[in-house]
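Please have a look at it before I go on.

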Amino acid sequence: MAEDNTSYQLVTFQLGDELYGVDIMDVKEIVKVQSVRPIPNAPYYVEGIINLRGEIIPIINLHKRFHLQKLVVDNTDDLYDDDEGGFIILDIEGNKIGIIIDRINRVVSVEKGEIKPPPQMISGIGTEYIDGVINQEKSYLIILNTRKMFSARELQKILEPDA
């Protein structure tokens, strides 16, 4: 992380019971759930591909990748009646990759001084994928490092599964 007292914006979303954030500069767009086409020989956490306005984008299931439970939505919660999750399209090393999310939250501005180093293990995600943690009123915001979530070799396998 950079020096204290500089701020940046995070797109926050929910995976299971946890709240995660990624740097807004890595996010290309957020799209509603659509049909995902499976691809042969892909890693177990690759759900498949989508066609987004003529561009083929691989879709990654972070629940499978990091062994997380899906969010259980309480139907009595009026706020989320029409919420069905979606995909966040990320730009990783010039490649577009979609990640499945349970619920989009909001864009938040954070001061880098608020970010604490991650504990050794958080909800199945190793610290190598986490930039830090922000303590919130009732929970934590876990900041994911999109550049470290996939090695160069994994990116190649995701983008060219038959290679």
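Let me begin with accessibility: a residue is called buried under 20% relative accessible area, exposed over 50%, and partly exposed in between, with a 1.4 Å probe and protein chains only. What you see is a predicted model, in which local features need pLDDT of at least 70 and side-chain atom pairs count only at pLDDT 80 or more, while totals for chains, interfaces and linings use all residues. Residues are numbered from 1 along each chain as its sequence is written, and side-chain values use heavy atoms, with hydrogens and water left out.

Side chains of opposite charge can pair when their charged atoms come close. The rule used here asks for a side-chain nitrogen of Lys or Arg within 4 Å of a carboxyl oxygen of Asp or Glu, and by that rule there are five salt bridges. I will go through some of them.

One of them joins E29 and R53, at 2.6 Å from N to O. E29 sits in strand β3, whereas R53 belongs to the loop between β4 (46-52) and β5 (55-60), 24 residues apart; helices (H or I, at least four residues) and strands (E, at least two) are DSSP runs, numbered from the N terminus. E29 is partly exposed at 21%, and R53 is exposed at 65%.

Another links K64 with E47, their closest N and O atoms being 2.8 Å apart. Since K64 lies in helix α1 (residues 62-65) and E47 in strand β4, this pair ties together parts that are 17 residues apart in sequence. K64 is partly exposed, at 37%, and E47 is partly exposed as well, at 27%.

In a further pair, K28 meets D91, with 3.9 Å between the closest N and O atoms. This one connects strand β3 (residues 27-32) with strand β6 (residues 86-92), across 63 residues.

Now to the sheet: which strands stand at its edges? The sheet is open, with five strands in the order β8-β1-β2-β12-β11 and mixed pairing, where two strands pair if DSSP finds at least two bridges between them. The edges are β8 (103-111) and β11 (130-135), and because each has a single partner strand, one side of each is left without a neighbour in the sheet. The partner of β11 is β12 (residues 140-144), paired in the antiparallel sense over five bridges, and N135 stands opposite Y140 in β12.
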